[in-house]
Amino acid sequence: MAQIDQHPPGSFCWIELATSDQNAAKQFYQSLFGWTPSDFPMGPGEFYTMFQIAGCDAAAACTINAQAREHGVPPHWMLYIATASADETAGKAAQAGGKLMAGPFDVMDFGRMAVIQDPAGATFSVWEPKSHKGTRVTGVPGTICWADLNTPDPAGASAFYKALFGWEFTTGQDDYLHIKNGEAFIGGIPPAAHRDPNAPPHWMTYFLVADCDASAAQAKESGANLYMGPMTIEKVGRMAVAADPQGAVFAVFQPLPRE
């Protein structure tokens with residue numbers, strides 16, 4: 001298990017579940033990933049759940065607020081991307097054709113953030129850390145290990161995110177674009193021809209698991225809907241895509257053994 005002290009700008013630094021049934025979601029993910037939940041009061045009848053692995057923050061959950069529900073926002077996982085300045089990144093996003101959905105604003109003394117929608121409509125958050133650095137553990141089951149951007153415009157998305165975070169993009173098998181932040185490959189953009197035309201543009205988060213088939217079966221037994229797999233990606237690993245019982249979509253990934 002590797003502990004994280006600091007996330008470099010441009011890296012995926014936090015993952016947060018917005019759900020319609022927080023207590024049910026806690027039980028589902030605790031069973032699936034072995035997360036230990038801790039609840040922190042946020043106001044009358046509201047709480048924020050921190051999920052930990054071996055005492056290290058790994059993810060979080062909250063209940064979708066009334067305003068979001070009124071606008072039809074479904075349960076979802078929100079991906080956070082580290083930045084040195086939430087204000088500067090939000091400004092760049094607007095200039096590059098994105099839409100500022102919220103912020104920039106301070107989250108008490110934990111950090112400063114903004115919620116941004118890219119030109120095609122995929123939503124993500126940026127996080128300028130203060131006391132809360134983000135995820136503190138990686139490389140073990142239950143941790144975020146990858147993220148895919150599903151978009152109808154890979155070329156436009158590449159230009160947008162390069163302007164925001166300086167990401168580089170390399171073309172792999174079947175025109176899959178690999179996202180490189182500094183020296184680290186962190187995610188990708190599948191070709192538009194492979195995306196579900198009925199699904200809106202979105203970021204898909206992958207969680208590391210020891211056994212993809214077992215995790216997919218357990219998720220299904222716990223009420224999840226399996227949308228894809230388990231399936232093998234040649235020379236990469238095995239994966240599956242599911243929606244939890246409240247409808248939030250995520251993926252699990254089992255890498256191939258190192259030779």
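Guide: Asp175 is exposed, with a relative accessible area of 54%. (Exposed means over 50% relative accessible area, buried under 20%, and partly exposed in between, with a 1.4 Å probe and protein chains only.) The model is predicted, so local features need pLDDT of at least 70 and side-chain atom pairs pLDDT 80 or more, while totals for chains, interfaces and linings use all residues. Residues are numbered from 1 along each chain as its sequence is written, and side-chain values use heavy atoms, leaving out hydrogens and water.

Asp175 sits in the loop that runs between strand S12 (168-171) and strand S13 (177-181). (Helices are DSSP runs of H or I with at least four residues, strands are runs of E with at least two, and both are numbered from the N terminus.) The phi of Asp175 is positive, near 65°, and Asp175 is not a glycine. Most residues other than glycine have a negative phi, and most peptide bonds are trans.

Met108 is another non-glycine residue with a positive phi, about 45°. Its place is the loop between S7 and strand S8 (111-117). With 65% relative accessibility, Met108 counts as exposed. Strand S7 (residues 99-107) also holds Pro104, and the peptide bond from Gly103 to Pro104 is cis, with omega near 5°. Gly229 and Pro230 are likewise joined by a cis peptide bond, with omega about 5°; Pro230 belongs to strand S16 (residues 225-233).

Buried residues come next. Ser125 lies in strand S9 (residues 123-129) and, at 1% relative accessibility, counts as buried. Beyond four places in sequence, Ser125 touches Met78, Leu79, Tyr80, Ile81, Met113, Ala114 and Val115. (Contact means heavy atoms within 4.5 Å.) Phe124, with the same exclusion of residues up to four places away, touches Met78, Leu79, Ile81, Ala114, Val115, Ile116, Asp118, Phe160, Tyr161, Leu164, Phe165 and Trp203.

Phe124 also belongs to the largest nonpolar core, which has 53 residues; Tyr29, Trp35, Trp77, Phe124, Trp203 and Phe250 touch the most other members. (A nonpolar core is a set of buried Ala, Val, Leu, Ile, Met, Phe, Trp, Tyr and Cys residues joined through side-chain atoms within 4.5 Å.) A second, separate core has twelve residues, among them Trp14, Ala60, Cys62 and Ala82. In soluble globular proteins, nonpolar side chains tend to be buried together.

Ile64 is placed in the loop between strand S5 (56-63) and helix H2 (66-70). Its relative accessibility is 6%, so Ile64 counts as buried. Apart from residues up to four places away in sequence, Ile64 touches Ala18, Thr19, Ser20, Arg69, Val73, Pro74 and Pro75. Asp21 is 43 residues from Ile64 in sequence, and their C-alpha atoms are 8.8 Å apart.

Two helix pairs remain. Two packed helices are described by the angle between their axes and the distance between the axes. (Axes are lines fitted to C-alpha atoms, for helices over the stretch in contact, and angles run from 0 to 180 degrees between N-to-C directions.) Helix H3 (residues 86-95) packs with helix H4 (residues 154-165) at about 150°, and their axes are 9 Å apart. H3 and H4 are therefore roughly antiparallel. (Angles over 145 degrees count as roughly antiparallel, under 35 as roughly parallel, 65 to 115 as roughly perpendicular and the rest as oblique.) Thr89, Lys92 and Ala93 of H3 make the contact with Phe160, Ala163, Leu164 and Phe165 of H4.

In the second pair, helix H1 (residues 22-33) and helix H5 (residues 212-221) pack at about 155°, with axes 10 Å apart. H1 is therefore roughly antiparallel to H5. From H1, Phe28, Ser31 and Leu32 meet Ser215, Gln218 and Ala219 in H5.

The loop between H1 and strand S3 (36-43) contains Gly34. Leaving aside neighbours within four places in sequence, Gly34 is in contact with Tyr29 and Gln52. Gly34 and Gln173 are 139 residues apart along the chain, and their C-alpha atoms are separated by 34 Å.
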